Amino acid sequence: MKILSVASECAPFIKTGGLADVVGALAKVLGDHAIECRVLLPLYRQIAHLVEGAEQVFESETRFGGSVRVLAKREAGIDLLLVDAPHLYDRAGQIYLNEQGVDWADNHLRFGLLSWIGARIADKGIAGWRPDVIHAHDWQAGLVPVYARQFPNATQPCVITIHNIAFQGIFPATTIGALDLDPMGFTQDGFEYFEKISFLKGGLMYANQITTVSPTYADELLTDEFGMGLQGVLNARRDVLTGILNGIDTTVWNPETDPALAQNYSSRTLAKKLANKRALLERFNLSGNTSAPLFSVISRLSEQKGLDIALRVLPDILDSGARFVLLGSGSADLERGFLELAKRYPGKVGVEIGFDEDLAHLVQAGADATLVPSRFEPCGLTQLCAMRYGTLPIVSKTGGLADTVIDANEAALAAKCATGFNFAPVTSEKLGDALNRAMALYENKTHWQKSVRNAMKHPVSWESSAARFAELFQDLSER
Ligand code: ADP
Ligand code: GLC
């Protein structure tokens, strides 16, 4: 079976968050289920090097301005189809934001084209290859099933996956012409959303199946609190909505072989994890006392992640002797807040503003616990990576965080099945309680180490979820 996965990010090539990890890992692991998956991705300037040795499989003038090519290339075990449209993708700045940190003014065209090419490949195939099912990810690929209706042969089933409903791709109605959309779809039952165009809504209305990235988030999406305005649409389509939990790429996230670590280790050689803690303390110029608990954060710094709350309560555990490191970037206020915390606690707090894949691996290996106090979290991958590295996650009880972490309460400790800590609601008081519970458990070496071993054994791979996707694709293609 052949799947065309359409996405705006794909690890290890281009990544701003978990979407990239999922698209890359799933493409590889579907191969184990006799599925040939090709990933359609914009050829951003940041990945221009991929052109080398790539084969041109499509070239045409389009309504999106300029000539557009598609290049095929297999790299890092993934079959890529790269949309080469220099006027839209060959530019400085970030993939969604310009150098001033503002959304690119032509994002509708940039991701409209991506979706249009997806539908075009469904319609006529590309260099003799035609997918059986289309898999669209998030709003950037939301128009794939919408455009598919405008092509005579693009009748394959389409699955859309919601990674984060906070991002919907909403643009003025006046863009309809530039996007070459059929105005007949500009209705409540189509891509119209409060008199604007919503890429995500269009995708949700026209896809055959909707998935999201955890079972709890699938339930939450139906509520006013989490649906972010699309709860009505999702309730109307709830018969085709399912939550399939993300995994992580356990070949990339493997403490036994990870080249970014100071020392490789496994649950059998846990003592070796300490060398990573030492290396991490050194990396951040923190005092070398490895017996104090080391907490960490690796995150986009956005409202979603609840880190403003962490800022308020971290001083309490720092005053009690804990250390803290953060790797992240995003909101200027949060960046400033964490840099100030580092100034206030020299030798105890280390902050690195930026995106650094290797450092993320060292932080996961070197820390004792990691904080993910999100206000909402569709799945979350950092807590999965942390567990695999024997670093206990401290998470809010929402979305995929609720589905993956077993709180170290008395019952779970007695049953020896705890893998971390969770708390609800997302308030500084409740996070503070969870941090204090973590501080206390850290003093109890037996319980702590048992929880670490449990966490490392917790299944975090794609194995069962990839099988569910394979089954879903199979079912749809047979219908
Ligand atoms: P989201 O997609 O909402 O950002 P996830 O937890 O699903 O959250 O995925 C985040 C991914 O991005 C993880 O792989 C995490 O390690 C990585 N990540 C986040 N911030 C950074 C950073 N500053 N440097 C390196 N990796 C980061
Ligand atoms: C989104 C979500 C995150 C999820 C990721 C991958 O970025 O915020 O929770 O893990 O997508 O699905």
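I began with ligand 2, which is surrounded by 14 residues, and I noted His 163, Asn 246, Glu 377, Cys 379 and Gly 380 as the closest; a residue counts here if one of its heavy atoms lies within 4 Å. The model is predicted, with pLDDT of at least 70 required for local features and 80 or more for side-chain atom pairs, while totals for chains, interfaces and linings use all residues, and side-chain values rest on heavy atoms without hydrogens or water. I count residues from 1 along each chain as its sequence is written, and chains are lettered from A and ligands numbered from 1 in the order of writing.

**Entry on ligand 2**

I looked up its polar contacts, that is, pairs of N or O atoms within 3.5 Å. A polar side-chain atom of Glu 377 lies 2.4 Å from an oxygen atom of ligand 2, a polar backbone atom of Gly 380 is 2.8 Å from an oxygen atom of the ligand, and a backbone N or O atom of Cys 379 is 3.0 Å from one. I then read that the protein covers 93% of the 310 Å² of accessible area that ligand 2 has on its own (Shrake-Rupley method, 1.4 Å probe). Helix 1 gives the largest share of this shell, three residues; helices here are DSSP runs of H or I with at least four residues, and strands are runs of E with at least two.

**Entry on ligand 1**

The side chain of Lys 305 places an N or O atom 2.8 Å from an oxygen atom of ligand 1, whereas from the backbone of Gly 354 an N or O atom lies 2.8 Å from a nitrogen atom of the ligand. The backbone of Thr 382 also has an N or O atom 3.3 Å from an oxygen atom of ligand 1. Of the 570 Å² of accessible area that ligand 1 has on its own, the protein covers 94%.

I traced an open sheet of six strands in the order 15-14-13-16-17-18, with parallel pairing, where two strands pair if DSSP finds at least two bridges between them. Strand 15 (349-353) and strand 18 (421-423) stand at the edges with a single partner strand each, so one side of each is left without a neighbour in the sheet. Strand 16 (residues 369-372) and strand 17 (residues 392-396) are joined in the parallel sense by four bridges, and I noted Ile 394 in strand 17 as the bridge partner of Leu 371. Helix 11 (residues 357-366) packs on the sheet, touching strands 13, 14 and 15, and its direction makes about 145° with that of strand 13; contact means heavy atoms within 4.5 Å, and angles, from 0 to 180 degrees, lie between N-to-C directions of lines fitted to C-alpha atoms, for helices over the stretch in contact.

Strand 4 (residues 67-75) runs antiparallel to strand 5 (residues 78-84), with seven bridges between them, and Leu 82 in strand 5 is the bridge partner of Leu 71.

Conventions. A polar contact is a pair of N or O atoms within 3.5 Å; within protein, one must be able to donate a hydrogen and the other to accept it, and residues adjacent in sequence count only if both atoms are side-chain atoms.
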